[in-house]
Amino acid sequence: MPFVNIKTPEGALSRAQKEDIVHRTTDMLVEYFSEAARPHTMVLIEEVKDGGYARADEVFVIPSAYRAEAGL
């Protein structure tokens with residue numbers, strides 16, 4: 001069973017963007033493993049709260065410009 005875990009900053013992706021990632025990722029894995037893998041493929045998108053991770057030794061907070069538009 002293919003399993004993909006994607007971590008992204010909370011609020012960075014809209015629901016439609018997450019669905020697109022799920023579909024594209026599943027399609028990519030089917031290309032590698034065959035159509036038989038589709039019903040067994042799991043894609044997990046985890047949202048990490050601001051301050052929940054760091055980059056270059058600095059706690060990261062997503063800039064407003066990178067947040068998904070509300071209601072999408």
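Colleague: Buried means under 20% relative accessible area, exposed means over 50%, and partly exposed lies in between, with a 1.4 Å probe and protein chains only. Which class does Lys18 fall into?

Modeller: Lys18 is partly exposed, since its relative accessible area is 23%. Please note that this is a predicted model, in which local features need pLDDT of at least 70 and side-chain atom pairs count only at pLDDT 80 or more, whereas totals for chains, interfaces and linings use all residues. Residues are numbered from 1 along each chain as its sequence is written, and side-chain values use heavy atoms, leaving out hydrogens and water.

Colleague: What does Lys18 meet in a salt bridge?

Modeller: Its partner is Glu47, at 3.2 Å from N to O. A salt bridge is a side-chain nitrogen of Lys or Arg within 4 Å of a carboxyl oxygen of Asp or Glu. The pair links distant parts of the chain, as Lys18 is in helix α1 and Glu47 in strand β2, 29 residues apart. Helices (H or I, at least four residues) and strands (E, at least two) are DSSP runs, numbered from the N terminus. Glu47 counts as partly exposed, at 35% relative accessibility.

Colleague: Why do such side chains pair?

Modeller: Side chains of opposite charge can pair when their charged atoms come close.

Colleague: How many salt bridges does a search of the whole structure find?

Modeller: The search finds eight. One of them joins Lys7 and Glu46, with the closest N and O atoms 2.5 Å apart. Lys7 counts as exposed, at 56% relative accessibility, whereas Glu46 is partly exposed, at 28%.

Colleague: And which residue forms a salt bridge with Glu10?

Modeller: That residue is Lys49, and the closest N and O atoms are 3.4 Å apart. Glu10 belongs to the loop between β1 and α1 and Lys49 to the loop between β2 and β3 (54-55), so parts 39 residues apart in sequence are tied together. Glu10 is partly exposed, at 31% relative accessible area, and Lys49 is exposed, at 54%.

Colleague: Let us turn to α1. How far apart are its end C-alpha atoms?

Modeller: They are 27 Å apart, which agrees with the 27 Å that the 19 residues of α1 (residues 15-33) should span at 1.5 Å a residue. The expected span is 1.5 Å times one less than the number of residues.

Colleague: Which residues of α1 are buried?

Modeller: Thr25, Thr26, Leu29 and Val30 are buried. Seen down the helix axis, the buried residues of α1 fall within an arc of 140 degrees, so they line one face. The arc is that of the directions from the helix axis to the C-beta atoms. On the other side of α1, His23, Arg24 and Glu31 are exposed.

Colleague: What do the buried residues of α1 pack against?

Modeller: They pack against β1 (3-9) and β2 (42-48). Here contact means heavy atoms within 4.5 Å.

Colleague: And what follows α1?

Modeller: Ser34 follows α1, and its phi is near 100 degrees, a positive value in a residue other than glycine. Ser34 lies in the loop between α1 and β2 and is partly exposed, at 36% relative accessible area. Asp57 also has a positive phi, about 70 degrees, although it is not a glycine. Asp57 lies in the loop between β3 and β4 (58-59) and counts as exposed, at 80% relative accessibility.

Colleague: Now to the start of the chain. Is Pro2 buried or exposed?

Modeller: Pro2 counts as buried, at 14% relative accessibility, and is found in the segment before β1. Leaving aside residues up to four places away in sequence, Pro2 touches Leu29, Phe33, Ala37, His40, Thr41 and Met42.

Colleague: Finally, which residues make the nonpolar surface patch?

Modeller: Met1, Phe3, Met42 and Leu44 make this patch of about 420 Å². Patches consist of residues with over 30% relative accessible area and no salt bridge; like charges are joined within 9 Å, and nonpolar side chains (Val, Leu, Ile, Met, Phe, Trp, Tyr) within 5 Å. Accessible areas come from the Shrake-Rupley method with a 1.4 Å probe, and for residues only the protein chains shown count as cover. Met1 counts as exposed, at 73% relative accessibility.
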